[in-house]
Amino acid sequence: QFGRYEIEPLVELCGESAREVITTSLEEFEASGWLRLIRRGAYELTSDGVFWGNNLAVSLLESIVAPLAPTTNRVGPKRVPRTS
């Protein structure tokens with residue numbers, strides 16, 4: 001769980017292609033009252049945000065990783081048809 005979220009270090013870590021997802025997610029968290037803007041591109045958790053902090057971190061991570069995931073939701077090995 002992080003007490004602060006800053007767009008630029010996250011973009012440096014995740015790549016420029018993640019900028020829009022990171023920015024949108026943090027703006028949505030702010031609109032929900034979980035983050036407060038402390039300066040351009042930098043947010044800190046509100047008291048409600050501290051309560052939900054782990055969930056916010058997971059949600060942000062999922063938003064960044066989801067576009068990289070395969071298009072199928074299948075878990076485990078693909079089923080091989082029987083030949084007999």
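Guide: Helices (H or I, at least four residues) and strands (E, at least two) are DSSP runs, numbered from the N terminus. This is a predicted model: local features need pLDDT of at least 70, side-chain atom pairs count only at pLDDT 80 or more, and totals for chains, interfaces and linings use all residues. Residues are numbered from 1 along each chain as its sequence is written, and side-chain values use heavy atoms, without hydrogens and water.

Visitor: Which pattern does the protein chain follow along the sequence?

Guide: The order is β-α-α-β-β-α-α. That gives four helices and three strands.

Visitor: How are two packed helices described?

Guide: By the angle between their axes and the distance between the axes. Axes are lines fitted to C-alpha atoms, for helices over the stretch in contact, and angles run from 0 to 180 degrees between N-to-C directions. Take helix H2 (residues 19-31) and H4: their axes come within 9 Å and cross at roughly 150°. Angles under 35 degrees count as roughly parallel, over 145 as roughly antiparallel, 65 to 115 as roughly perpendicular and the rest as oblique. H2 and H4 are therefore roughly antiparallel.

Visitor: What is the hand of the crossing where H2 passes H4?

Guide: A crossing is left-handed if the near helix is turned anticlockwise from the far one by less than a right angle, and right-handed if clockwise. H2 passes H4 in a right-handed crossing.

Visitor: Which residues of H2 and H4 make the contact?

Guide: Contact means heavy atoms within 4.5 Å. H2 brings Val-21, Ile-22, Ser-25, Leu-26 and Phe-29, and H4 brings Leu-56, Ser-59, Leu-60, Ser-63 and Ile-64. Ala, Val, Leu, Ile, Met, Phe, Trp, Tyr, Cys and Pro count as nonpolar, Asp, Glu, Lys and Arg as charged, and the others, Gly among them, as polar. The contact of H2 with H4 divides into seven nonpolar, three polar and no charged residues.

Visitor: At what angle do H1 and H2 pack?

Guide: At about 145°, with their axes 9 Å apart. The crossing of H1 and H2 is right-handed. Ile-7, Glu-8, Leu-10, Val-11 and Cys-14 in H1 meet Arg-19, Ile-22, Thr-23 and Leu-26 in H2. The residues of this contact divide into six nonpolar, one polar and two charged.

Visitor: Is Ser-25 buried or exposed?

Guide: Buried means under 20% relative accessible area, exposed over 50%, partly exposed in between (1.4 Å probe, protein chains only). Ser-25 lies in helix H2. Its relative accessible area is 7%, so Ser-25 is buried. Beyond its neighbours within four places in sequence, Ser-25 is in contact with Leu-60 and Ser-63.

Visitor: And where is Trp-52 found?

Guide: In the loop between helix H3 (47-51) and helix H4 (53-65). Trp-52 counts as partly exposed because its relative accessibility is 38%.

Visitor: Which residues touch the most other members of the largest nonpolar core?

Guide: In soluble globular proteins, nonpolar side chains tend to be buried together. A nonpolar core is a set of buried Ala, Val, Leu, Ile, Met, Phe, Trp, Tyr and Cys residues joined through side-chain atoms within 4.5 Å. Of the 15 residues in the largest one here, Tyr-5, Ile-7, Ile-22, Leu-26, Phe-29, Leu-35 and Leu-60 touch the most other members. Helix H1 (7-14), H2, strand S3 (42-45) and H4 each supply at least two residues of this core. H4 gives the largest share, four residues.
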